[in-house]
Amino acid sequence: MNWPLKKKNNGDGNSNGHIIEMLGITKVYDTGKIQVEALKGIDLVVDKGEFVAVVGPSGSGKSTLLNLVGCLDTPSGGTYMLGGEAVAGLDRDQLADVRNRRVGFVFQNFNLLPQLTALENVEMPMLFGGMGRRERRRRAKEHLDRVGLGDRVEHRPTELSGGQMQRVAIARALAMEPDIVLADEPTGNLDTGSGSDVMSLMTELWGQGRTLVVVTHDKTLASRAGRVVEIRDGVVVTDERAVA
Amino acid sequence: MTSFGSFLRQLVRDVWSQKLRTFLTVFGIIWGTVAVALLLAVGEGVHRRQTKSFAGLGDRIVIAWPSRTSLPFEGLGKGRRIRVDETDIEFLKKRVGGLAEISSEYAQNLRATFGDRARLVDVSGVSPIFGEMRNMVPAEGGRFINPTDMDQRRRVVFVGNELAEDLFGEIDPVGEKVMLQGSPFLVIGVLQAKEQDSSYSGRDHSKMIIPSSTFQALTGQRYVDLFIYKAATPDRNKALTERVLAALGERKRFDPGDTQALGIWDTTDMFVWFDTFMLAFKLFMGFMGILTLTVGGIGVSNIMNVVVEERTREIGIKMALGAKSRTVLSQFLLETFIFTAIGGIIGLTLTWGFCAAVAGTPAEDAIGTPVLSPQIALLTAGVLGLVGFLAGYFPARQASRLDPVVAMKL
């Protein structure tokens, strides 16, 4: 009831079907004495249902780009439309709202709250979205079931393995049915086995028609994506679509 | 709000995992609350006790003693003696408007004997109304002088409590005969012990009181030593005194502006002065208390700041997931508010307990009974609320302004 209607523009309602539409995006970090130009004019368009892997060496600006895509940070220049909505000029609270409704994050170090159970962690975005308690519980359970953790709902993060924690994080990212799921090195802190579990899960999500942007060093993970964007020194150097 | 339950559960969990921190926070507030409330309560207790001992002299009466003129008036030189007798008192009763009560008082030092004990005693002859005006309450089993005693010039005596102990020892004085100037007097009552810290002719606990009619017959004294009067309410005493001076001045032919002809002691002045003094005293106490509470508040603020730092990552994560600044802000504010409320309630309870514990102990004689009045509790709660808000606001604002990207990396 108090659960806001979202996905006004999940691609279909958008004139051109682009979820992400970035034009000439720059990001300059002003540390006072020196200015660091992390992104030097990025053009990036992602359509609904795409699985994009962003690759590149450390310090190339790929995490910065992901933060901008996820509205965790604001660009210094250029225009950015997320799901047909202009992001420039939004204030902190409006950006928080956009993150809540449109974006699901998966982080390298999971970023789960240690004092909460798996279920409560998954509930969190819905709590901020103003959803009622019953609805929250129901959905959180459902999402945990889907990532294969239906029997771990009352466990704290410390009682879970790395792979399980990342799966909780993925369930959390999906909680609000976002337009796009963003992952920053999702397998970076996992052993090979858990890593490949998480990769399979990502691929599965893609198969369900979700849009994913994943920053990764992991060539195996990148190879699973439908499109690989390589960034070097703040610019896109290659953008290749795999032949299906 | 649907999130309130979740918030509370989180809070409880957080508080539980940080027992020492929580304890210190709440302790700071308790300490501050007890300081404010106790200072104010003790102040109030001292005030009440002091007011009561002032009232030992009388219930906001004016004391007047005829003396000598200091100004020439209508051809009469100064230094003339003003004498007032019973007819003048009757005249004042009839002629001065607003005079609620008046009693003459004759006083002499007389020899009193009971059995083989003899004492020189301050004896006063007064009207029946005197007892009420001067707050002389008889102890159980006794009475004060009544109108019949007065009319029939009975030889009855009302005895001060300490004098009664001295003269009668273990014997209950009521019903006993005591000799005054060689005449037997029946003891009709003993003064109930009272606080009295000012007097004009000896403390009431060491006096004997007899009817003024009997006094005059016994001693032959015609003129009063003094008389006491009061208006219906204390605030009218001043105007009443002016009318008394005018009426008596006209009758006795002295300048109503002559401050010496009739000595005047308006005891209400003392109450007014004391109330003012106590207000300043309580303001001072309250100020000290507020300072103490502020120190407690700064402690809480510090701890909340540490909490913000400790939880920066958590705040970052929450913001990344869509928590608005307002949510983070209100979480910290509410947390401080809950700490403050719990500390405040415990503090007020402790203070209340202390007040209850002092009652009936020897400490009561020195500081009176500390009273935690609703006003004090309310004032403390108000100050506490303000301190709590300020202590919570700045850390909370700091938390809500964190940049999610930066906060999460910590």
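**Exercise 1. A glutamine in chain A**

Is Gln164(A) buried or exposed?

*Solution.* The model is predicted, so treat every value here as computed from it.

- Step 1: take the relative accessibility of Gln164(A), which is 14%.
- Step 2: apply the cut-off, where buried means under 20%. Gln164(A) therefore counts as buried.
- Step 3: find the element. Gln164(A) sits in helix H5 of chain A.
- Step 4: list the contacts, leaving out residues up to four places away in sequence. Gln164(A) touches Leu149(A) and Arg152(A).
- Step 5: look at the side chain. One of its polar atoms lies 2.9 Å from the backbone nitrogen of Ser161(A).
- Step 6: Asp197(A) is 33 residues from Gln164(A) along the chain, and their C-alpha atoms are separated by 9.5 Å.

**Exercise 2. Chain A as a whole**

How many helices and strands are in chain A?

*Solution.* 

- Step 1: count the elements. Chain A has seven helices and 10 strands.
- Step 2: take the burial. Of the 244 residues in chain A, 55% are buried.
- Step 3: take the contacts with a separation of 6 or more. In chain A, 70% of these join residues 24 or more positions apart.

**Exercise 3. The interface**

What area is buried between chain B and chain A?

*Solution.* 

- Step 1: start from a convention. The size of an interface is often given as the accessible area lost when the parts come together.
- Step 2: read the value. About 2400 Å² is buried between chain B and chain A, and carbon and sulfur atoms give 51% of that area.
- Step 3: count residues. Chain A puts 31 residues into the contact and chain B puts in 27 residues.
- Step 4: count polar links. Seven residue pairs are in polar contact between the two chains, both partners at pLDDT 80 or more.
- Step 5: find the salt bridge. The rule gives one across this interface. Lys324(B) pairs with Asp97(A), and their closest N and O atoms are 3.6 Å apart.
- Step 6: name the elements of chain B that give two or more residues to the side touching chain A. They are helix H1 (3–17), helix H10 (312–320), helix H11 (325–358) and helix H14 (404–409).
- Step 7: sort the residues on that side of chain B. Nine are nonpolar, eight are polar and 10 are charged.

**Exercise 4. A glutamate in helix H10**

Which residues is Glu314(B) in contact with, leaving aside its neighbours within four places in sequence?

*Solution.* 

- Step 1: locate Glu314(B). The residue is in helix H10 of chain B.
- Step 2: check burial. The relative accessible area of Glu314(B) is 9%, so the residue is buried.
- Step 3: list partners by chain. From chain A, Glu314(B) contacts Leu113(A) and Gln115(A); from chain B, Gln10(B) and Gln331(B).

**Exercise 5. Phi values and cysteines**

Where is Asn135(B) found?

*Solution.* 

- Step 1: recall the background. Most residues other than glycine have a negative phi.
- Step 2: take Asn135(B). Its phi is near 55°, a positive value. Asn135(B) lies in the loop between helix H4 (129–133) and helix H5 (147–151) of chain B. At 26% relative accessibility, Asn135(B) is partly exposed.
- Step 3: take Glu177(A). Its phi is near 50°, also positive. Glu177(A) lies in the loop between helix H5 (162–174) and strand E7 (180–184) of chain A.
- Step 4: check two cysteines for burial. Cys71(A) is buried at 1% relative accessibility, and Cys355(B) is buried at 7%.

Technical notes. Residues are numbered from 1 along each chain as its sequence is written. Chains are lettered from A and ligands numbered from 1 in the order in which they are written. Side-chain values use heavy atoms; hydrogens and water are left out. Buried means under 20% relative accessible area, exposed over 50%, partly exposed in between (1.4 Å probe, protein chains only). Contact means heavy atoms within 4.5 Å. Buried area is the accessible area (1.4 Å probe) that two parts lose on being put together, summed over both. A salt bridge is a side-chain nitrogen of Lys or Arg within 4 Å of a carboxyl oxygen of Asp or Glu. A polar contact is a pair of N or O atoms within 3.5 Å; within protein, one must be able to donate a hydrogen and the other to accept it, and residues adjacent in sequence count only if both atoms are side-chain atoms. Helices (H or I, at least four residues) and strands (E, at least two) are DSSP runs, numbered from the N terminus. Ala, Val, Leu, Ile, Met, Phe, Trp, Tyr, Cys and Pro count as nonpolar, Asp, Glu, Lys and Arg as charged, and the others, Gly among them, as polar.
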